[in-house]
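Please look through the sequence and the structure before reading on.

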Amino acid sequence: AGLLLPATLVQHLGVRGLVDAHLDLGPAVGRANAGDKLLTLIMSALAGGDCIDDADALRAGGTGRVLGFRVKAPSTLGTFLRSFRWGHVRQLDRVSRESLGRAWAAGAGPGDGPLTIDLDSTICETYGLQKEGARHHAYTHVRGYHPLLAVAAGSGDVLMARLREGRANTIRGAAGFLTETIGRVRAAGGTGPLTMRADSGFYGHPVVAACRAKGVRFSIATRSNPSIRRAIEAIPEAAWVPIPYWHEGGADVAETTYTPFADRADAVAVRLIVRRVRPIPGSQLALFTDYAHHPFINDRDGDTLELEADHRRHAEIENTIRDLKYGMALNHLPSGRFAANGAWLAVQVMAHDLARWTARLGLGAGIVTTKTLRRRFLAIPGRLTRSARRWTLHLPGHWPWAEAFLLALARLRAIPIGA
């Protein structure tokens, strides 16, 4: 019964209409009723389903009446996913882009405030040799897919995701992906200053050039190379400032100037901020090395220590990745076809964002993990009765979060339809 909350948000955002308008599977056998099929997959993910067969749980009882669309059978959903080609996956990207804009217009977005985009990738492990694009081992020596993800810092919204084959280098396609993500943010109504944070896997001229072309500030960890090491060694000892760290006196921060990609015509000197960490028992360092250094390039204005602390907060994207894998169903890519798995990734991202928007717009909360949202609200049982040709949903008595549920439902129903 708790799925009434995201189902109401889906209705008021007009997601089904977006699917009907932008997703065209051509003559494929799974082309009919695409809106119902996609929403069935999304609601199954929100309910905790991690494979196609789990959608069958939505066909029990009066769940279909609560959701407001016709729930499809797992066999139908499998045919639907196998009907996708890569162009159709890009059509789903259009659906998620429009949904993002409508949710932000309804109050879930940053408006004209500053926004930080965290860029990262993850390995989605698969098993066997029958999955297209996942037959080879990734850089972690794990067989699977290697999607790109762009996440809004502070809210956990997945701004964009793209499936890649497992052996793809981290930075492959990242510049174009970032450019498209920035376009999404601007089209969705994010008019404030933008900053992009990334780890050393995205340290490359194309990514920096993409940021500069779009007027986006960047904070990117660097790879270790001779010129970086020389710049760090040239920092005087007096310039290192101790910072609060998880072990006493464990880290210092300093800053210098560095010109990345100096052989390029557009090379510009930027700030190189370095955190050095003292070893603890069990640390593995090179011979005759006193510290582990963690440098990153930055073109932002501000205090060195504040910028260093902000860069470390890039690690929070791992919470979103964990939520996608273990809160949704990204830990399992069910098809042997690459495009079908690309569609599955798009479904999980849309379900994840709907959960975040339900919490923000309905509950007035910040980041609520999918597990918590599902335990308190989405998994709430209910009973449907009919009297005088009117359906009534009865919630359990003394449910601890019943009042918050009803308030969230009222708030979501107040969003203009097609917002």
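Two strands count as paired if DSSP finds at least two bridges between them, and strands themselves (E, at least two residues), like helices (H or I, at least four residues), are DSSP runs numbered from the N terminus. This is a predicted model, in which local features need pLDDT of at least 70 and side-chain atom pairs count only at pLDDT 80 or more, whereas totals for chains, interfaces and linings use all residues. Residues are numbered from 1 along each chain as its sequence is written, and side-chain values use heavy atoms, with hydrogens and water left out.

**The sheet as a whole**
- Nine strands, or in figures 9, form an open sheet with mixed pairing, in the order β5-β4-β1-β6-β7-β11-β10-β9-β8.
- Its edge strands are β5 (158-162) and β8 (241-242), each of which pairs on one side only.

**Strand pairs**
- Strand β10 (residues 270-277) runs antiparallel to β11, the two being paired over 7 bridges, and V277 stands opposite A292 in β11.
- Strand β11 (residues 292-298) is also joined to β7 (residues 217-221) by 3 bridges, again in the antiparallel sense, with S219 opposite N298.
- Strand β7 pairs in the parallel sense with β6 (residues 194-198) over 4 bridges, and here S219 is the bridge partner of R197.

**Helices across the sheet**
- Helix α7 (residues 174-187) lies across β1 (115-121), β4 (148-152), β5 and β6, and runs at about 145° to β5.
- Helix α9 (residues 226-233) lies across β9 (251-258), β10 and β11, at about 115° to β9.
- These angles, from 0 to 180 degrees, are taken between the N-to-C directions of lines fitted to C-alpha atoms, for helices over the stretch in contact, where contact means heavy atoms within 4.5 Å.
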